[in-house]
Amino acid sequence: MYRQLRVGVVIPAFNEAAAIGAAVATAPAFLDHVIVVDDASTDATTAQAEAAAAGRAGVVVVRHPVNRGVGAALVTGYRRALAEGCDAVAVMAGDGQMDPADLPALLDPIADDAADYVKGNRFLHPEIWTAMPPARIVGNLVLSAATKLTSGYRHVFDSQCGYTVIHRRALEAIDLAALFPRYGYPNDLLSRLNVAGMRVLDVPVRPIYGPHWKSGIRLGTVLHPIPWVLLRSWGTRLAAGARSRPA
């Protein structure tokens, strides 16, 4: 528990056998639930996660029988966290790309009732220009600028950062089944949160690109489906705004 909040963390993983054990083992002790979602890995991800979970209460490993995408893995984890009674749910990567020491800073705005969704912003951290590969910096700048427009949250940046904490009320306010299931889910989620009237806040987090890091975003992902996701989410938000205006 953290500041009277029952907190869970979802760790989506696909072929992360080399890193998932450390991700589970280093998850902060104040977490009530650690939910690993293995998205049909072809390596020993599940076995390594279960081995790391031995002796630690509150850890569960869920495995998808077929690969459904990182967004779908998060939805599975979110639903499990809601069922477990969590008040707030964090997301941390299975490859060790997120610093556990940053988690309290993400949780504090939720505990203070200052936000419904808190996301990491690596561009607010001084190490960004030396730690993040140049190609990733350019890609993130472009996608973040586009997401400012499509999501309606002009004050947020680093849209592709997956280090987040969401309040239970925000999860219950959106249609999880409709969330885009693969890469592009953060952009879609922000737009849906805007439609639901949720408060979103950025906080600095440390950029980490260690030996087990690998990007799931390729040129084909940037060209499709992310632009389509951005257009769809933009259209959904505009349509919701039109419906809410008086005739």
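Which residues line the largest cavity? In this predicted model, the lining of the largest cavity is made up of Leu74, Tyr78, Val91, Tyr117, Gly162, Thr164, Tyr185 and Leu189. Helix H3 (70–83) and helix H8 (185–195) each contribute at least two residues to this lining. The space inside the largest cavity comes to about 30 Å³, and the structure holds one cavity of 30 Å³ or more.

The largest nonpolar core has 32 residues, of which Ile20, Leu103, Leu106, Tyr163 and Val165 touch the most other members. At least two residues of this core come from each of strand S1 (7–13), helix H1 (20–25), strand S2 (33–38), helix H2 (45–53), strand S4 (88–91) and helix H4 (103–111). A second, separate core consists of 30 residues, including Val60, Tyr153, Leu171 and Met198. Leaving aside residues up to four places away in sequence, Tyr163 touches a set of residues that includes Val91, Met98, Pro100, Leu103, Leu106, Val118 and Val205.

Helix H6 (residues 134–151) has 18 residues and, at 1.5 Å a residue, should span 26 Å; the C-alpha atoms at its ends are 25 Å apart, which agrees. Buried in H6 are Arg136, Ile137, Asn140, Leu143, Ser144, Thr147, Thr150 and Ser151. These residues lie on the same side of H6 because they cover an arc of only 155° around the axis. In an α-helix there are 3.6 residues a turn, so residues three or four places apart point the same way. The exposed residues Pro134, Ala135, Val138 and Val142 are carried on the face of H6 turned away from its buried side. After H6 comes Gly152, with a positive phi near 90°.

Methods. Residues numbered from 1 in each chain as written. Predicted model: local features only at pLDDT ≥ 70, side-chain atom pairs only at ≥ 80, totals over all residues. Heavy atoms only, no water. Core = buried A, V, L, I, M, F, W, Y, C linked by side-chain atoms within 4.5 Å. Buried < 20%, exposed > 50% of the residue type's maximum accessible area, 1.4 Å probe, protein only. Helix = DSSP H or I, 4+ residues; strand = E, 2+ residues; numbered from the N terminus. Contact = heavy atoms within 4.5 Å. Expected span 1.5 Å × (residues − 1). Arc of directions from axis to C-beta. 1 Å grid on protein atoms, 1.4 Å probe; cavity = no way out; pocket = protein on both sides within 12 Å on 5 of 7 lines; lining within 4 Å. Points joined across faces, edges and corners; volume = space filled by probe spheres on them.
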